[in-house]
Each structure stands twice: as structure tokens, then as C-alpha cells.
Amino acid sequence: MWSQDSDIELKIAALGASACIDLFGAYGLTLELGQTARMQTSERLLSGSIGFVGRRLRGSCLLAAGEKPLSLTCPEKDGALRDWVGELTNQFVGRLKTKLLSRDIEVFVTTPIVLAGVHIEPLPRSRMEPFVFKSSAGEVMAWIEVETEEAFVFGSERPTESGIEGDILVL
Amino acid sequence: MKKVLIVDDSEIIRQQLSRALSEAGLTVVEATDGVDGLEKVGEHDDIALLILDINMPRMNGLDMLDALKRNPRTASVPVLVLTTEAQNSMVARAKQAGAKAWLIKPVKMDLFVNVVQRFAA
């Protein structure tokens, strides 16, 4: 039976927060965790959402940001931000997946959906609120909601043979 | 000029890779997913290397890779996988299907170009 375990959610959300900081850092934007769980901006936001599922674990990730942090991190000047937020969300979940893999937790993901709007905010079923980060280019929000089955184990981190971001594995 | 096919559903990624490879003197063809990728392979008989994303709509990269390897005409085209995925099971499947390398996004462009030039030679 699926349920939301707040302890596990917190641990996985912490991995997600770390993944988000690493991701934006890789594209030159430093994120710092803000004090609130609500974005303060009234500007139009773009957000990407991806679902994931594994043995005894399933959930969704959401990434949202305004035009400035997206433009700043986009590797192509004048690149389509709708496309970029989808790709960023994909890489965000990819980083989370790698962190989960190091704990022997394997998940498979959907392709992202992208939404635009003002005051986008998730309505969590549990108490798991989003992380809202501050940066020199504006706010970024990341949110993860997770359900697990009773036998789910959040293992200890261990060295993994799987690659990490930036790696090139010759086969 | 060597011709490279980039298969990725992200336009930004295709643009980024295409620009880097064009600047390195390669000809680039783009496809948006595995179905489009197979069509492009059918249209261009001189593709020296394929760069393949995994998570794409319509047909994912691993299924496209399997299709390439089943076709005698395309079975020997070198394939580099460029993805956010890092699961051993996926890497193993790609290796078994004949992929030459597995690159985890984001990769540094100079390193990426070097790897492409190496396997497209």
C-alpha cells in the first residue's frame, strides 16, 4: 500500500534540493535556499514537471523559474525557454536519480510537461513544501512529492559504478 | 566532411551540440526523437556517427539503438549515448547493442567534440 512517509520524503527532498543547487551551479548560477516556501515574484514563470517510479517508490518533481534565471543558464543565447525548462527539469531529475542510485534506489522517469503561469505553486498532499532558492537572477523553485510502499528502504550512500554528470564512459 | 546525426528531443541541446560540432568542421543533421532519427538515417547514407538521447517521446534512444543494430545497413554506425541517465542496466543494454560511449549531461563541449571526432574518424 502506498503512503507518504514524512521522514523518507524529507530525505529525498533534501537530495532534490542538493541536485537543484548542483544543476544550476553547473550552468553558472548560484542558488541559496530562501526563507520561505512561496515564490515572492509576480512575474510569469515557466515550470517543468516529471514523474518517476521505481520499486516501492513513486513521485513527481517540479521545477519553476522566471525568465531571467532560465535565460542566464541556457547554453544557447535566445534559446526557446519552453524547451530549456523542459531540459533543465530533465537534468534536475537526472541528478536526483543519480543520488538515489547511489543508495540502490532505481527509478524510471517520464518525459517532462511544461507549464507557464503566474504564482505557480504546488498543492502538496503531505506537509512537504517546495524549496524556493534565491539567486542573482531571481527565484527558482524545486518541489518533490514522494510515496513509498511499506518495505521501501532508503539505503546508505555508497560508491557506485554508475557515472555522474559530465562523465564519459567508453563502452 | 564527416556527417553526424544528433537525436534529442530538446531543441536547445540539439542547437548547442550542432554549433559545437559545426565549428569543429563536421556536418550535422538533427532529429527530434527515435522515429525521426530512424527516418533521417534512412535519408542519409553517409552518417559517420550518431549522438543519441535516451528519454524521448514516440521512441526512446535504447529502442532506436536496437532498431539500428537490427538493420545490416546501419548496424556498424558508431553511436554515442548522451543522456541524464546513469543506470547500469541501461548502460549495459546500450553496450550490448553496440554503443561506443555513454555521456552524462551536461558534458563539457570541448571534451564532447574530442570524443565525437575520435569515434567519427
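A:R56 counts as partly exposed, because its relative accessibility is 30%, a value between the 20% limit for buried residues and the 50% limit for exposed ones. The model described here is predicted. A:R56 lies in the loop that links β3 (44-54) to β4 (57-66) of chain A. Although A:R56 is not a glycine, its phi is positive, at about 70°. A positive phi, near 55°, is also found in A:H119, a residue other than glycine. A:H119 is placed in the loop between β6 (113-118) and β7 (131-134) of chain A, and with 47% relative accessibility it counts as partly exposed.

In chain B, the secondary structure consists of 5 helices and 5 strands. From the N terminus on, these elements follow the order β-α-β-α-β-α-β-α-β-α. The radius of gyration of chain B is 13 Å, close to the 14 Å given by the globule rule for 121 residues, so the chain is as compact as a globular protein of that length. The C-alpha trace of chain B spans about 30 × 30 × 25 Å along its principal axes.

Of the 121 residues in chain B, 58% are buried. Among contacts in chain B with a separation of 6 or more, 63% are between residues 24 or more positions apart. Chain B exposes about 5000 Å², of which carbon and sulfur atoms supply 48%. Its 15 positive and 16 negative charges have mean positions 7 Å apart.

A cis peptide bond, with omega of about -5°, joins B:K105 and B:P106. B:P106 is located in the loop between β5 (101-104) and α5 (109-120) of chain B.

How values were computed: Residues numbered from 1 in each chain as written. Chains lettered and ligands numbered in written order. Predicted model: local features only at pLDDT ≥ 70, side-chain atom pairs only at ≥ 80, totals over all residues. Heavy atoms only, no water. Helix = DSSP H or I, 4+ residues; strand = E, 2+ residues; numbered from the N terminus. Rg over C-alpha atoms; globule rule 2.2 N^0.38 Å. Buried < 20%, exposed > 50% of the residue type's maximum accessible area, 1.4 Å probe, protein only. Contact = heavy atoms within 4.5 Å. Areas by Shrake-Rupley, 256 points an atom, 1.4 Å probe, with all protein chains shown as cover. Lys, Arg positive; Asp, Glu negative; His and termini not counted. Charge placed at Lys NZ, Arg CZ, Asp CG, Glu CD.
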